[in-house]
Amino acid sequence: QVQLVESGGGLVQAGGSLRLSCAASGRTCSTCAVGWFRQVPGKERDFVAAISWTGINTVHADSVKGRFTISRDNAGLTVYLRMNSLKHEGTAVYYCAASHQAYGSRVPLIANEYVYWGQGTQVTVSS
């Protein structure tokens, strides 16, 4: 079982920055793609960004392009989401998720394509 733990959330003013981390423990998953999603109460979990298991391919939602950047460390065990120029509508619980990625397949973009999920970290952007 792959366990994911998010950290780095908190309260920030609009225009500020945060860096979220997603650390993997337990059973390793060297071929896992990792995605970030966010959710507000009463709404579906929205895709934010994803990165392939190689770290070469990344995808960012249009709403965060140019402001958020997903990356992973060399060991591939920690994935980061750097969030700049945060907006009030960025207030949500942010979740990281992982799933084994077949060689040559695209990076998963949909929540139900992911198998492993963290507990989430709250990000609150004050206006």
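Q: Is Asp 62 buried or exposed?
A: Accessibility is read against cut-offs: a residue counts as exposed when its relative accessible area is over 50%. In this predicted model, Asp 62 has a relative accessible area of 64%, so Asp 62 is exposed.

Q: Where in the chain does Asp 62 lie?
A: Asp 62 belongs to the loop between S6 and S7. For a sense of distance, take Ser 7: it is 55 residues from Asp 62 along the chain, and the two C-alpha atoms are separated by 24 Å.

Q: How should I read Gly 55, with its relative accessibility of 29%?
A: The middle class runs between the two cut-offs, with buried meaning under 20% and exposed over 50%. At 29%, Gly 55 therefore counts as partly exposed. Gly 55 sits in the loop between S5 and strand S6 (58-60). Its C-alpha atom is 8.5 Å from that of Asp 73, and 18 residues separate the pair along the chain.

Q: Which residues have the most contacts inside the largest nonpolar core?
A: A nonpolar core is built from buried residues joined through side-chain atoms within 4.5 Å. Here the largest one has 34 residues, and those with the most contacts inside it are Trp 36, Val 48, Phe 68, Leu 81, Met 83 and Tyr 94. At least two core residues come from each of these strands: S1 (2-7), S3 (18-26), S4 (32-39), S5 (46-51), S7 (68-72), S8 (78-83), S9 (92-100) and S11 (121-126).

Q: With which residues is Phe 68 in contact, leaving aside its neighbours within four places in sequence?
A: The list for Phe 68 is Arg 38, Val 48, His 60, Leu 81, Arg 82, Met 83, Asn 84, Leu 86 and Tyr 94.

Q: How many helices and strands does the chain have?
A: Count each kind of element, then read their order. This chain has 0 helices and 11 strands, giving the pattern β-β-β-β-β-β-β-β-β-β-β along the sequence. The radius of gyration is 14 Å, close to the 14 Å from the globule rule for 127 residues, so the chain is as compact as a globular protein of that length.

Q: What else can I read from the chain as a whole?
A: Of the 127 residues, 43% count as buried. Among contacts with a separation of 6 or more, 58% join residues 24 or more positions apart. For charge, the chain carries 11 positive and 7 negative side chains, and the centres of the two sets lie 4 Å apart.

Methods:
Residues numbered from 1 in each chain as written. Predicted model: local features only at pLDDT ≥ 70, side-chain atom pairs only at ≥ 80, totals over all residues. Heavy atoms only, no water. Helix = DSSP H or I, 4+ residues; strand = E, 2+ residues; numbered from the N terminus. Rg over C-alpha atoms; globule rule 2.2 N^0.38 Å. Buried < 20%, exposed > 50% of the residue type's maximum accessible area, 1.4 Å probe, protein only. Contact = heavy atoms within 4.5 Å. Lys, Arg positive; Asp, Glu negative; His and termini not counted. Charge placed at Lys NZ, Arg CZ, Asp CG, Glu CD.
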